[in-house]
Amino acid sequence: MTSRYALRAIALGYLGLLVAGPVAMMLWATFSGGVASVWEAIARPAFLHALWLTLLIAAIVVPLNTLFGILCALVVVRHDVRGKRLLSALLDLPLGVSPVVVGLALVIVYGRRGAFGGWLAEHGVRVIFALPGMVLATLFVCIPFVAREVIPVLREIGTEQEQAARTLGASDWQIFRLITLPAIRAGVGFGVVLTAARALGEYGAVAIVSGRLTGRTETLTIHVEERFLAFDMTGAYAASLVLAALALTIFFAMHARRPAPRGGR
Amino acid sequence: MSATAVSVGAAPAAPVPRPRAGGRRSWAAPLAAGAVTAWLSAIVLIPLAAVVVRSTADGWASFWAAVTTPQTLAALSLSLGASLAVVAINAVVGTIIAWVLVRDDFPGQSVANALIDLPFALPTIVAGLTLLALYGVRGPLGVNVAYTRVAVGLALLFVTLPFVVRAVQPVLAELDREMEQAASALGASGATTFRLIVLPNLVPAILSGMGLGFARAIGEFGSVVLISGNIPFETEVAAVRIASQVENDNVTAAAAIAVVLLAISLALLLAMGMVERWSRQHDQ
Amino acid sequence: MQTNHRCLSAPLSRRKVLLALAAAGAGPALATLGSRPAAAQEVTLTLVAYSTPREAYEEIIPRFQATPDGANVAFETSFAASTEQSRAVESGLPADIVALSLEPDVTRLVAPGLVAKDWNADEYKGMVTNSLVVFAVRPGNPKGIATWDDLVQEGVEVITPNPLTSGGARWNILAAWGAQIAQNKSEDEATDYLRQLFAHVPVQDKSARESVATFAGGKGDVLLSYENEAITAQQKGEELEFVVPPQTILIENPVAVVTESAHPDAAAAFVAFLRTPEAQRIFGKHGYRSVVPGVLAEFDYPTPQALFTIADLGGWPDTTARFFDPDNGIVARVQQR
């Protein structure tokens, strides 16, 4: 029995020092200057624009990546195509790529001095220091989440029902809509939650390609850093708090949607 | 993925032969595969290939020179060393936390369980800021670890916390307890039972969590950048080094360091794929 | 502070754009979003500046917007390390006005045609503010820092930013070197002093502002800083004092209109406004030394024994090559470990 309490103390102490303590401290620090100053900080147009831009990027990235994530999972699990293993390795690759490298890669391809970027610039298309670059960076870092959640579910449900439906003459689309999709819905939902969390909170990859124009290419995470460097801790904490609130919303959605326990993700 | 997949023995290791009737499959599959490949290439593969190409744009000699400058080597070895240390701590503490969350029962357990996901949900820059609030110069505890290697470790521990816990938890939950009960009935101590009966079942999950955690830690940027001070030879990690090379207009050197990080991650992901296949085969 | 009103005034139209975008999918359609169509009589100017005048511009911009020239002008701003900003503009960061730490960062933009050749032909030689390099120290100056020699004493840690990205770092280096010359040392001795000094520098942040954040976070005994930056940090409640060294350099910060600007008249009007007594007083309040003699006289500044300028060191083109060439400049040589 004592070892049980010892383990509990270790686990809770660790969580307290590493997660709960710092988060509680940030909450306290945010409001130590009064609610009014927090309100002032989040009523700033620069903040509001950053919030808008962050939501815009997420609104572009989440649907696109969800669609392609489901498609990827179907191809990897259901279709018998060559190079499938390579495809699934490629899908995992972004998990092992530093956000900074993502930003660097986009600068190399789309920067004004890059081959492709030079051509785009001549045609008046700006990718780096503009929204397209930030969207591309976020797409990259969010690629694996939906597919990684859906692939194991697809493996588990097997193909019996789908084949039965096919024997009865259902089309591919009907099979997908009536049989496959309901079965993978929970997995997709959890993948969407992870994608949204990462899209809203991405910093490193976006920071390198954004140019940090306040009121134009500044996302919430970059705004947090900008306020920090302006010695405006209330502003930095307030923006962090809004990000954390968004994260918490997502994170409760995560708990509601976390699929029944399965092997390690 | 690992041990628990046994519950659905139906999962076909080899695809069931399909009737290719009606010819519908014949175009849908290649089309989907083509679309997915094109998408992945455009978003992931081409940019990464560009980094690799760029890293040797001035020849191998300058690639080598860029990754072997003392400052870069220091940053790479700090990232490598800190990631290994953090992953080792995660393996132990993460397993303990998973154990406590699954086998223990106490008020507030669900809150503790929810806390585990927080590092996934919280943006990295916010993670750094929260750690700075408690452990920085103005922190209430009177400890100031800002701009030390301790701070780098803390940030990495924070962002990698969920990996091992979330990998081990479900395996532990589904583990058949009869063997454990038999062992303790035969007089084995709790520790012995854990070591001989439980742990072997957890190893694949722990390894997978460690692998993902390492891949995350080795390239971590956002949570480290505010709290580490980015001091060369001291607290500058590889990702910060890459960023500063980009800012110094030294894109080729940045690409060279990036390639080293990519190679480490790639080797790791391949190794993890092998471990996973191995453990799936052993389940069957 | 407030730099862009338009984002609030037109959310609906952009929501439509978003819908259209969702319909069209990714691809080139994204590109059009980066540049918003300008509303009828409203102008948006993008100010790309170095890291330290942030607070001054946050106050000056609303004042400009209150003038007839500035009515209907919205601003987007970016503050980061001077040389980094200069390179970013060179590689495509949109800008109407650049306000940088030192002349070469503007000169860099002349060759690609982003800044007019005669940008510094006005009565202020293109400059908008002056400052000095000073020593910021901990409250009470516990290490008793007063002279350049004190910086290279045993156990003193000096914080200064990275000269590859930061303009402030370059001013600091030139101040340190020039101060040796002003003490009648030889050039070799001055270079040797730099070598000693860098042995005391544990960290070189990207920008002057990040150096202040590092110093405020508890790292180092002395921060080599712009005088205005030390004053701004004090005004923001950071606990530091500063010492004006006996010999130091006069910092001159340039400003210029970018030729690609879609609103050159508005940009020029803003630059002209920056030289008015009203704007110069705001700069003064934030610790800058005015380029307008009348305003300069309104403030009471400490005077160093020996104040030299970049011209005394041979001017920017020579100095840049001699000190900051990345391969064989003096700085590259003294920093080799």
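Which residues does C:Val98 touch, not counting residues up to four places away in sequence? C:Val98 touches C:Val48, C:Val89, C:Val106, C:Leu109, C:Ala256 and C:Val258, where two residues are in contact if their C-beta atoms, placed from the backbone, lie within 7 Å. This is a predicted model, in which local features need pLDDT of at least 70 and side-chain atom pairs count only at pLDDT 80 or more, while totals for chains, interfaces and linings use all residues. Residues are numbered from 1 along each chain as its sequence is written, and chains are lettered from A and ligands numbered from 1 in the order in which they are written.

**Contact between chains A and B**
- Chain A gives 80 residues to the contact and chain B gives 92 residues.
- On the side of chain A that touches chain B, the largest share, 18 residues, comes from helix α1 (residues 2-31) of chain A.
- That side of chain A has 56 nonpolar, 14 polar and ten charged residues; Ala, Val, Leu, Ile, Met, Phe, Trp, Tyr, Cys and Pro count as nonpolar, Asp, Glu, Lys and Arg as charged, and the others, Gly among them, as polar.

- Helix α12 (residues 220-229) of chain A packs with helix α5 (residues 124-135) of chain B at an angle of about 35°, their axes being 8 Å apart; axes are lines fitted to C-alpha atoms over the stretch in contact, and angles run from 0 to 180 degrees between N-to-C directions.
- A:Thr221, A:Val224, A:Glu225 and A:Phe228 of α12(A) meet B:Ile125, B:Val126 and B:Leu129 of α5(B).
- Five residues of this contact are nonpolar, one is polar and one is charged.

**Surroundings of A:Thr217**
- A:Thr217 lies in the loop between α11 (204-210) and α12 of chain A.
- A:Thr217 counts as buried because it has 26 C-beta neighbours inside 10 Å; a residue is buried with 20 or more other C-beta atoms within 10 Å of its own, exposed with 12 or fewer, and partly exposed in between.
- The C-alpha atoms of A:Thr217 and A:Leu53 are separated by 7.5 Å, although these residues are 164 residues apart along the chain.

Key:
Helix = DSSP H or I, 4+ residues; strand = E, 2+ residues; numbered from the N terminus.
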